[in-house]
Amino acid sequence: MMKDITFGQYFPADSIVHRFDPRAKLLLSLLLMIFIFVAGNFWALFLIGGTVLTLMMISKVPVRLYLRNVKSIFPIILFTSLLNALYTSSGTVLLKWWIFTVTTGGLTRAAFMSLRILFLIFSSALLTYTTTPNDLTDAIERVLKPLKFIGLGNAVHTMAMMMTIALRFIPTLIEETEKIMNAQKARGADLESGNLMHRIKAMLPILIPLLISSVRRAYELAEAMECRCYHGGKGRKRMKQMKLSRADYIGSAVLVVLCACVIPINLFL
């Protein structure tokens with residue numbers, strides 16, 4: 001199951017989405033996520049979702065990678081759908097048992113929330129799959145650059161660096177967890193059977209070595225950065241300078257217009 005988590009990994013490909021400016025890509029990804037929540041009906045949600053799916057298709061990233069993220073978070077989607085289906089009382093009653101009532105409004109709400117979560121997962125995965133960690137760091141720092149005028153310049157660089165390191169460590173932690181689980185299974189540990197409490201107790205021999213390994217890697221990384229005379233972002237120069245192209249402006253304008261269409265769709269449909 002750990003191998004199904006691919007969030008934070010970069011997939012190299014030659015596509016329009018990969019060549020898009022990282023700063024615009026970051027801001028537009030945030031815009032898409034915001035309007036996924038702003039969408040108040042299926043028509044608006046389908047417009048935003050269709051935009052995300054179109055970007056996924058032209059990104060040349062295999063669909064199976066996006067679906068792996070859905071597989072790993074499927075229990076959360078199922079739990080959210082059940083809550084909305086059972087505790088929404090509007091519409092025609094379809095099934096009533098004990099304290100639970102299933103209505104047409106509840107099923108509609110459950111489907112709406114499930115699609116909203118799916119599109120959120122796809123939009124966030126689209127950003128990380130098509131943007132290298134270095135570009136993502138530069139994009140975060142450039143977007144937050146106005147904070148330097150109020151004395152938070154070094155804090156902006158530190159925060160961007162922390163986010164990038166966290167993204168880079170996700171695949172490493174997944175691989176480390178897989179190795180520890182295989183080692184515990186080879187020693188006879190039962191990690192999959194029993195009730196909930198038994199499974200929680202069985203995870204302790206995995207979490208403790210994983211925590212120790214993570215702390216050790218953090219110390220090694222800190223020492224490596226100190227040996228290379230890293231002291232934050234003050235006085236640092238960049239070899240690669242970002243410039244917006246005509247395609248970036250056109251693509252950004254199209255996406256902004258599509259997102260803006262959500263507002264009249266919410267009002268009139």
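First, the basis of what I say. This is a predicted model, in which local features need pLDDT of at least 70 and side-chain atom pairs count only at pLDDT 80 or more, whereas totals for chains, interfaces and linings use all residues. Residues are numbered from 1 along each chain as its sequence is written, and side-chain values use heavy atoms, with hydrogens and water left out.

Let me turn to the overall fold. The chain contains eleven helices and two strands; these are DSSP runs numbered from the N terminus, with helices being H or I of at least four residues and strands being E of at least two. In sequence order, the pattern reads α-α-α-α-α-β-β-α-α-α-α-α-α. The C-alpha trace spans about 65 × 60 × 40 Å along its principal axes. Of the 269 residues, 36% count as buried; here buried means under 20% relative accessible area, exposed over 50%, and partly exposed in between, with a 1.4 Å probe and protein chains only. Among contacts (heavy atoms within 4.5 Å) with a separation of 6 or more, 74% come from residues 24 or more positions apart.

Next, the helix pairs. Two packed helices are described by the angle between their axes and the distance between the axes. The axes are lines fitted to C-alpha atoms, for helices over the stretch in contact, and angles run from 0 to 180 degrees between N-to-C directions. Helix H3 (residues 42–58) packs on helix H6 (residues 104–130) at about 30°, and their axes are 10 Å apart. That angle makes H3 roughly parallel to H6; the term covers angles under 35 degrees, with over 145 counted as roughly antiparallel, 65 to 115 as roughly perpendicular and the rest as oblique. The contact includes Phe 42 and Leu 45 of H3, and Ala 111 and Phe 112 of H6. By class, this contact of H3 with H6 has 13 nonpolar, three polar and one charged residues. For these classes, Ala, Val, Leu, Ile, Met, Phe, Trp, Tyr, Cys and Pro are nonpolar, Asp, Glu, Lys and Arg are charged, and the others, Gly among them, are polar.

How does helix H4 (residues 63–72) cross H6? The axes of H4 and H6 come within 10 Å and cross at roughly 130°, and the two helices are therefore oblique to each other. On the H4 side, Leu 65, Tyr 66, Asn 69 and Val 70 take part, meeting residues of H6 that include Leu 118 and Ile 121. This contact of H4 with H6 has nine nonpolar, one polar and no charged residues.

I come now to the salt bridges. Side chains of opposite charge can pair when their charged atoms come close. The criterion is a side-chain nitrogen of Lys or Arg within 4 Å of a carboxyl oxygen of Asp or Glu. Across the whole structure, four are found. Arg 19 and Asp 14 pair at 2.5 Å, N to O, and both residues are exposed. Asp 21 pairs with Arg 23 at 3.0 Å, and Asp 21 is buried at 4% relative accessible area.

Glu 176 and Arg 217 also form a salt bridge, at 3.0 Å, N to O. Glu 176 lies in helix H8 (residues 153–186) and Arg 217 in helix H9 (residues 196–227), so the pair ties together parts 41 residues apart in sequence. Glu 176 is buried at 15%, while Arg 217 is partly exposed at 27%.

Finally, Thr 92 is in the loop between helix H5 (74–86) and strand S1 (93–97). Thr 92 is exposed, with a relative accessible area of 52%. Leaving aside residues up to four places away in sequence, Thr 92 touches Val 102, Thr 103 and Thr 104.
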